[in-house]
Amino acid sequence: MSGPAAGTADAATTTDVVCLGESMVTFLPSQPGRLADVPSFGRGIGGAESNVACALAAAGHRAAWVGRVGADGFGDHLVETIASYGVDTSAVRRDPVRPTGIYFRTATDRGTDTHEVAYYRAGSAASAMSPDNVPYEDLLAGRVLHLSGITAALSADCLALLRDLTAPRPGRPLVSFDVNHRPHLWRGGDADASVLLELARRCDLVFVGEDEAEEAWGIVGAEAIRAALPEPAVVVVKRGSAGATVFASGLRPGPRSSNAGGAGNAAGAGGAEGADTVTLVPALRVDVVAAVGAGDAFAAGFLSATLRGLPVRERVRHGHLMAAAVLTVPGDLTDPPARDHADRLAALDDDAWGRLRLGPGWTAADRAPEEVRTP
């Protein structure tokens, strides 16, 4: 089930993952409470795709982020901060007219009624991305191209770009897609939700939350989600505290032919092409500090293990571990556990995995599996 870790290109010189999307400067509250009551904010960065790129680079992979920012100080901060994680930002474009997007958020979890986010991204530089102004030679140069549904919601031009990038083409890299349904970004209701389904069906690897599939498409349950997404080689259904279910018919990073109908290169993750293997992996117990960024970290962990050719169970476990690293810090990004530390934890038997409980600071302590905090 593990398959080769690399495609046909030279892994020593090729970018592992290219991530395309909007990154914004985010202002994090100095204390809990309504935005109206928070007296001050600290500056950070936020963006689903750049989060994935930063996490992958911190984990030792060659990652690049492609985006568009304003010719302003916030754009400078974004590019410099993302590059500081080891991410290649050479393909980022600067817009001389449109600004870099920013947003403010409260300290509460996104899933609660008290969570507030104030976006100032309308007319941003990133919303002007289109098939005419992004560097395709850079986007298609990696073993994996990672996209998300957030980009599709930014503008008609951004949607046209995603439709073009997910279309079959000679030498297309493995296309990874995180549905990332954000209702507040869409204005067309069901019609826009159907766009996300259309895009997901054109990709090779899809990440989707069980809750967002129900909200966006009215589809309930992992099996029904897979039935709605028959084309991707791998569909990862995230089920919150219940863990994740993976439907895999074969996946390996690398170029694919223009006539591949969404299955990618077979023999990487599942059994025979077209025959699913189904893998259920329980989530970890985590002492959560903040939930923002966990989904991006999970995708990065899964992609990292996919690039290394690990079995499906270990791919999901690495996703859980990288998510646990972010869940135990206040911001969207943090250093992941050392690779050998994560490998030891991912290799635990089911009983030991079920006993793990991770809290703040766990990534800094490179301890044997039995020394990791347990109840």
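## A cavity and the helices around it

Start with helix α10: three residues of the largest cavity's lining come from α10, the largest share. This is a predicted model, where local features need pLDDT of at least 70 and side-chain atom pairs pLDDT 80 or more, while totals for chains, interfaces and linings use all residues. Residues are numbered from 1 along each chain as its sequence is written, and side-chain values use heavy atoms, leaving out hydrogens and water.

The largest cavity holds about 70 Å³ of space. A cavity here is a set of points on a 1 Å grid over the protein atoms alone where a 1.4 Å probe fits but cannot get out, and lining residues have an atom within 4 Å of a point. Among the lining residues are Asn51, Asp296, Met322 and Asp332. α1, α9 and α10 each supply at least two of the lining residues.

Here are those helices (DSSP runs of H or I, at least four residues):

| Helix | Residues |
|---|---|
| α1 | 48-58 |
| α9 | 294-307 |
| α10 | 312-327 |

Now for Asn51, which sits in α1. Asn51 is buried, with a relative accessible area of 3% (buried means under 20%, with a 1.4 Å probe and protein chains only). Skipping neighbours within four places in sequence, Asn51 is in contact with Gly46, Asp296, Asp332 and Leu333, contact being heavy atoms within 4.5 Å.

As for the other two helices, α9 and α10 pack at about 145 degrees, with axes 7 Å apart. Those axes are lines fitted to C-alpha atoms over the stretch in contact, and angles run from 0 to 180 degrees between N-to-C directions.

Conventions:
Buried means under 20% relative accessible area, exposed over 50%, partly exposed in between (1.4 Å probe, protein chains only). On a 1 Å grid over the protein atoms alone, a cavity is a set of points where a 1.4 Å probe fits but cannot get out, and a pocket is an open set with protein on both sides within 12 Å along at least five of seven lines; lining residues have an atom within 4 Å of a point. Grid points are joined across faces, edges and corners, and a volume is the space filled by probe spheres set on the points.
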